[in-house]
Amino acid sequence: MDELSGERKVTPWRSGSSYREAGVDIEAGDQAVEALKTKVRKATRPEVVGGIGGFAGLFALDTAKYKQPLLASSTDGVGTKLVIAQQLDIHDTVGIDLVAMVVDDLVVCGAEPLFLLDYIACGQVIPERIADIGAGISDGCRYAGCALIGGEIAEHPGVMGTNDYDISATGVGVVESDDQLGPHKVAEGDVIIGMASSGLHSNGYSLVRHVLLGAQHMPLDTVVPEFGRQRTLGEELLTPTKIYAEDCLAIVAECDVHAFAHITGGGVPGNIVRILPNHLDAVVDRASWQPQPIYELLSRTGQIDSAEMERTFNMGMGMAAIVPSDQVDRTRALLTARDVESWVAGEIVSGRGEVRMDGKYRGLAVRGVRY
């Protein structure tokens with residue numbers, strides 16, 4: 001208060017510290033959001049209410065479609081594959097990886113992916129880079145048939161390097177209670193159908209980087225003859241994860257499918273074991289398919305033994321379907337029509353909840369952890 005006039009004084013704003021000086025550029029963040037909006041509009045569904053930019057994404061679930069709907073949810077990230085993307089300054093493909101890791105976990109229980117929300121943390125918001133990441137996420141959602149209804153961009157100066165970022169996402173799907181897939185449906189005599197991966201997908205990259213980029217010092221622009229078509233190591237390592245969601249839902253609609261296993265960290269044994277009841281084993285014939293050349297390169301140059309390879313990488317199988325024996329031909333025909341390479345990879349037999357790889361690795365399977 002002015003002691004003479006009794007009027008309140010307003011102290012002028014003094015120039016000094018600001019959020020930008022602390023490393024957070026709000027204007028750049030706004031530019032990034034605007035750039036993302038054009039991408040996100042392509043990844044939508046009729047049930048989406050409003051657009052992005054609010055405090056929450058809204059989705060109108062049509063409850064009349066279901067007698068007893070179960071909502072399925074999954075959350076995941078891409079892991080250290082992001083380091084390769086950052087080294088090569090290529091940022092759209094990892095967005096596809098992110099969607100794949102989430103939606104293909106949802107479809108395992110028979111759920112149709114409905115929507116996804118993403119989270120991007122970075123050392124500095126570079127709008128063009130954020131837009132590239134968002135374009136990949138948008139593309140992945142379109143491939144999976146789900147909507148991208150929101151997310152968050154967080155700038156973490158002093159915690160992350162200027163060019164560093166991490167991404168994660170959470171997705172929600174829905175399945176009719178009576179149609180839920182899983183161990184309760186798996187029966188003795190069922191057949192395991194393998195579906196080809198597009199390569200390493202998004203698992204095991206800490207070991208990949210240790211072997212190829214660390215111990216072997218292979219430049220990412222190295223042309224590897226085994227990959228064919230003058231393909232470089234970097235191109236191989238950034239190959240996007242195949243998204244199987246719509247393919248899986250298509251065979252569920254036409255065939256009697258008992259279970260799916262998304263082959264991620266833990267490899268074939270560590271993921272198929274997750275859909276086995278305690279009284280049954282899965283016998284996987286490892287001679288039934290040939291992994292892509294990247295796996296031989298890793299095994300040879302890193303002197304990685306076969307057991308370690310099998311429990312770390314997908315070894316060329318990205319998804320497995322468990323079906324009755326009389327559904328094998330129909331299931332494979334549908335997958336072929338959808339350009340998904342498949343093969344008979346094994347069978348379900350009486351046992352104690354283990355996966356046996358050619359009979360060599362009894363007890364090798366490690367149960368996956370979800371919380």
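In what order do the 4 strands of the open sheet stand? The order is β3-β6-β4-β5, with mixed pairing, where strands are DSSP runs (E, at least two residues) numbered from the N terminus, and two strands pair if DSSP finds at least two bridges between them. This is a predicted model, in which local features need pLDDT of at least 70 and side-chain atom pairs count only at pLDDT 80 or more, while totals for chains, interfaces and linings use all residues. Residues are numbered from 1 along each chain as its sequence is written, and side-chain values use heavy atoms, with hydrogens and water left out.

The edges of the sheet are formed by β3 (69-77) and β5 (147-155), each of which pairs on one side only.

| Strands | Bridges | Direction | A facing pair |
|---|---|---|---|
| β3 and β6 | 9 bridges | antiparallel | L70 and V175 |
| β4 and β6 | 10 bridges | antiparallel | D118 and A169 |

Strand β6 (residues 165-176) is largely enclosed by the rest of the structure, because 9 of its 12 residues are buried, which is to say under 20% relative accessible area (1.4 Å probe, protein chains only).

The lining of the largest cavity consists of R45, E47, F59, L61, D62, K65, Y66 and L114, where a cavity is a set of points on a 1 Å grid over the protein atoms alone at which a 1.4 Å probe fits but cannot get out, and lining residues have an atom within 4 Å of a point. The volume of this largest cavity is about 40 Å³, a volume being the space filled by probe spheres set on the points, which are joined across faces, edges and corners.

Terms used: 1 Å grid on protein atoms, 1.4 Å probe; cavity = no way out; pocket = protein on both sides within 12 Å on 5 of 7 lines; lining within 4 Å. Buried < 20%, exposed > 50% of the residue type's maximum accessible area, 1.4 Å probe, protein only.
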